[in-house]
Amino acid sequence: MKASFFRAAVAAVALVATSAPAQAASATADAPVTEADLAAHMKILAGDAFEGRAPGTDGEDRTIAYIVGEWAKAGLEAVPGSATPWLQPVPFIETQALGGTATFNVNGRNFPLDDDSIVLTGRDASVSLAGVPAVFVGYGIDSTGQVNADVRGKLAIMLFDNAPFGDRLPRYRERRQMLADAGASAVLVIATDAVPWDALRESVGSKSMRLASVKAGAPVSGFLSGNAADALFKAAGQDGAALREAAASADYRGMALPVAADFTAESTVRAFASHNIIAKLPGAKPDGKAVLFLGHWDHLGLCAPEGEADRICNGAVDNASGIAVLIEVAKRLGKGPRPDRDIYFLATTAEEKGLLGARWFADHPVVPLGDITVALNVDTIAISPRGTPVATIGRGKPAYDALVREVATRLGRTLDEDGEADAFIQRQDGWALGAKGVTSLMVGGSFSDMKLLEAFLSGDYHRAADNFSDKIPLGGAAEDADLHVALGRAFADTKRWPGK
């Protein structure tokens with residue numbers, strides 16, 4: 001990111017902060033968040049000028065400038081002692097595929113595979129592998145958390161989702177890395193029906209990112225469509241459905257296939273820094289505990305091939321809506337009566353690449369993780385209409401559940417406790433903090449109405465169609481924003497919440 005941008009951004013923030021009206025505490029209730037409030041931010045953040053908010057692009061620069069400016073106007077401050085005020089640099093390695101081939105030989109015969117049914121990425125600038133034997137590894141690890149098959153020097157073909165194990169298994173990215181660490185020469189992940197193949201292929205695209213601090217993956221990695229995987233299994237004398245059923249055993253040990261694969265891949269490899277955005281609202285009576293609000297600012301950038309009418313994945317619902325809510329929550333907490341505890345606001349980078357910004361923050365926190373009494377994540381919040389019940393991802397701790405219930409009930413909201421939302425616990429930034437012992441919750445209506453959520457996930461999700469529109473239901477998002485203001489006040493109240 002350019003030094004000139006930082007100078008301009010810091011100057012702009014300083015101007016905003018010094019010209020903003022002085023904060024005055026108010027005895028009145030917080031003003032409700034309106035749909036118009038959220039729409040104003042979403043139109044900007046999901047506008048074409050932001051180019052889909054991809055990390056390491058001009059779109060990131062514009063996103064940072066906007067969020068920092070809005071948070072400064074709300075009365076938030078840069079975290080004291082920050083090496084780079086408002087920003088936490090996050091170092092990445094990005095690999096962009098320039099071209100590649102995959103050919104399969106089954107029982108001594110060539111097996112043709114449609115290029116549209118596979119996505120490949122090479123780890124290095126140039127990769128060439130020949131005659132790599134294949135093994136189907138199911139979910140990749142067994143009930144003890146160990147790699148379940150001998151994959152050294154082999155192609156490991158792995159299932160994408162966690163079913164039937166749920167959050168007892170890491171997500172596919174972690175399992176894929178474990179296979180690479182065990183010596184796999186290539187890892188292909190079979191796409192799940194939960195995410196349409198076209199949407200997955202567009203979201204993965206030709207780029208992969210990893211934190212510069214973590215191990216590199218296998219020399220070749222990628223995705224296979226479900227249909228292509230089943231066709232490959234059939235050619236190898238196996239039934240795809242039967243293999244998936246067998247893989248559901250906790251002690252599944254994989255199956256060698258009469259398949260050998262050749263791979264080539266050419267890529268560019270780039271090291272760069274993106275940024276988490278971090279701000280603080282100092283408490284009136286700090287007691288060493290803090291509340292953390294977070295949501296990811298990034299999306300997919302230019303996601304469609306050249307020549308398409310619309311190449312930009314603008315990410316209006318995912319997650320300009322969440323950042324809009326965080327801005328409006330900050331305004332009300334910053335301008336109203338000052339909460340007792342310190343409250344931090346975190347806009348993370350590279351959530352779409354595997355919760356990477358949240359993982360970096362969890363490993364390099366600006367506030368001790370043990371001091372965070374709760375983390376409230378806001379993501380994909382513009383799904384449901386007003387009156388939708390409140391679901392909680394991460395529920396299960398009685399004291400927290402009771403406070404959420406109390407706050408929601410006071411606002412006239414009902415609770416949805418059927419547990420359907422639990423399936424998304426590993427798919428959001430709070431998971432990275434939860435893995436470090438921080439109680440992390442996602443609270444609101446978007447993950448309550450599964451029909452509406454699934455319609456989004458099978459439609460505009462991770463596609464160029466996720467643009468701002470008057471058709472986006474912002475009533476539920478506005479209600480959820482009010483809920484988060486109230487939750488922030490409740491968890492930051494030293495008398496109401498002891499700070500678990």
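Ala134 has Leu155 as its bridge partner in strand β5, and in strand β9 the bridge partner of Ala134 is Leu257. The model under discussion is predicted, with local features requiring pLDDT of at least 70, side-chain atom pairs counted only at pLDDT 80 or more, and totals for chains, interfaces and linings using all residues. Residues are numbered from 1 along each chain as its sequence is written, and side-chain values use heavy atoms, leaving out hydrogens and water.

Strand β4, residues 126-138, pairs with β5, residues 155-159, in the parallel sense over 4 bridges. With β9, residues 255-281, β4 pairs in the antiparallel sense over 9 bridges. Pairing requires at least two DSSP bridges between the strands. Helices (H or I, at least four residues) and strands (E, at least two) are DSSP runs, numbered from the N terminus; the chain has 13 helices and 16 strands.

I turn to a helix pair. Helix α2, residues 35-45, packs against helix α3, residues 58-73, at an angle of about 155°, and their axes are 11 Å apart. Axes are lines fitted to C-alpha atoms over the stretch in contact, with angles from 0 to 180 degrees between N-to-C directions. The two helices are therefore roughly antiparallel, a term for angles over 145 degrees. Ala40, His41, Ile44 and Leu45 of α2 meet Thr63, Tyr66 and Glu70 of α3 in this contact, where contact means heavy atoms within 4.5 Å.

Finally, the whole chain. Buried residues, those under 20% relative accessible area with a 1.4 Å probe and protein chains only, make up 53% of the 500 residues. The C-alpha atoms fill a box of roughly 80 × 50 × 40 Å along the principal axes.

Technical notes: Parallel < 35°, antiparallel > 145°, perpendicular 65-115°, else oblique. Buried < 20%, exposed > 50% of the residue type's maximum accessible area, 1.4 Å probe, protein only.
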